[in-house]
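Welcome! Please take a moment with the sequence and the 3D view, and then let us walk through them together.

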Amino acid sequence: MASETTKGNPILAITAAVAGWIVPGLGHLVLRKWSKAAVYFFCVGALALAGLAMRGGVFSAGEEDLFDRLGFFADLGAGAFYFLAHQIQTAGADVAHATGDYGTRLFAAAGMLNLLTVLEAYDIGRGGDARNDESGTGERSLGEPK
Amino acid sequence: MTRLFANLTHFGALAFFALVVSITFAFLSKRTTRDRLEYSLWAFLAFLVIAIGIGWLMYPFSQ
């Protein structure tokens, strides 16, 4: 008997990916992956808010240095947290102290982590094998060998 | 919250990072609650042990 392949919806996949980038977890919410949506929102949000509370630096576009440009792309991954960083962090960055430096890294980590969740949302939307949420039915996880 | 995180030590920041990233990785890569719990715990401990180990390895160079 031929195995049945589930075809995903490319529009849904792109919508979920963009939504997940703008608001962490929103892409999974669109895909009705409730627990993943909640966990990703709180984890990425906690990292980003902690980074800002520690007065970490947020990189902006048009940086000259290559590492600063990489930092910009990492920060941009945090979506809404990046665009609202200056509103949230009213006191501004203070990377002269170690705590501010840790904050910079935490915020960049939040962006990179969110990009991973965006990739997963896209994969689920495309009908990939990352449709493993809450079922425990033996479906393959993202990154697990077939 | 700002005050809490502003006074975070290096180890505190490491532990917080390790906890949050471990949970996210578990949800990205495992499908059952039990697997996710086990993976979170192991990844969290691995983050701490490896970071402390690397710290001790670098210690002689700080003198």
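## A pair of helices in chain A

H1(A) passes H7(A) in a right-handed crossing. This is a predicted model. The axes of helix H1 (residues 10–22) and helix H7 (residues 98–125) of chain A come within 7 Å and cross at roughly 160 degrees. Angles over 145 degrees count as roughly antiparallel, so H1(A) is roughly antiparallel to H7(A).

Where do the two helices meet? On the H1(A) side you will find Leu12(A), Ala13(A), Ala16(A), Ala17(A), Gly20(A) and Trp21(A), and they meet Asn114(A), Thr117(A), Val118(A), Ala121(A), Tyr122(A) and Gly125(A) in H7(A). By class, the residues of this contact are eight nonpolar, four polar and no charged.

## The nonpolar cores

The largest nonpolar core has 35 residues, of which Leu47(A), Leu106(A) and Ala110(A) touch the most other members. At least two residues each come from helix H3 (34–53), helix H5 (80–83) and H7 of chain A, and from H2 of chain B. H3(A) gives the most, with ten residues.

Take a look at Ala110(A): beyond its neighbours within four places in sequence, this residue is in contact with Val44(A), Leu47(A), Ala48(A), Gly51(A), Ala78(A) and Phe81(A). A second, separate core of twelve residues includes Ala13(A), Ala19(A), Trp21(A) and Leu26(A).

## Where the chains touch

Chain A brings 24 residues to the contact and chain B brings 19 residues. On the chain B side, the elements giving two or more residues are helix H1 (2–6) and helix H2 (10–29) of chain B. H2(B) gives the most to that side, with eleven residues. The side of chain B that touches chain A has twelve nonpolar, five polar and two charged residues.

Terms used
Residues numbered from 1 in each chain as written. Chains lettered and ligands numbered in written order. Predicted model: local features only at pLDDT ≥ 70, side-chain atom pairs only at ≥ 80, totals over all residues. Contact = placed C-beta atoms within 7 Å. Helix = DSSP H or I, 4+ residues; strand = E, 2+ residues; numbered from the N terminus. Nonpolar A, V, L, I, M, F, W, Y, C, P; charged D, E, K, R; others polar. Axes fitted to C-alpha atoms, helices over the stretch in contact; angles between N-to-C directions. Parallel < 35°, antiparallel > 145°, perpendicular 65-115°, else oblique. Left-handed = near helix turned anticlockwise from the far one by under 90°. Core = buried A, V, L, I, M, F, W, Y, C linked by C-beta atoms within 7 Å. Buried ≥ 20, exposed ≤ 12 C-beta atoms within 10 Å, placed from the backbone.
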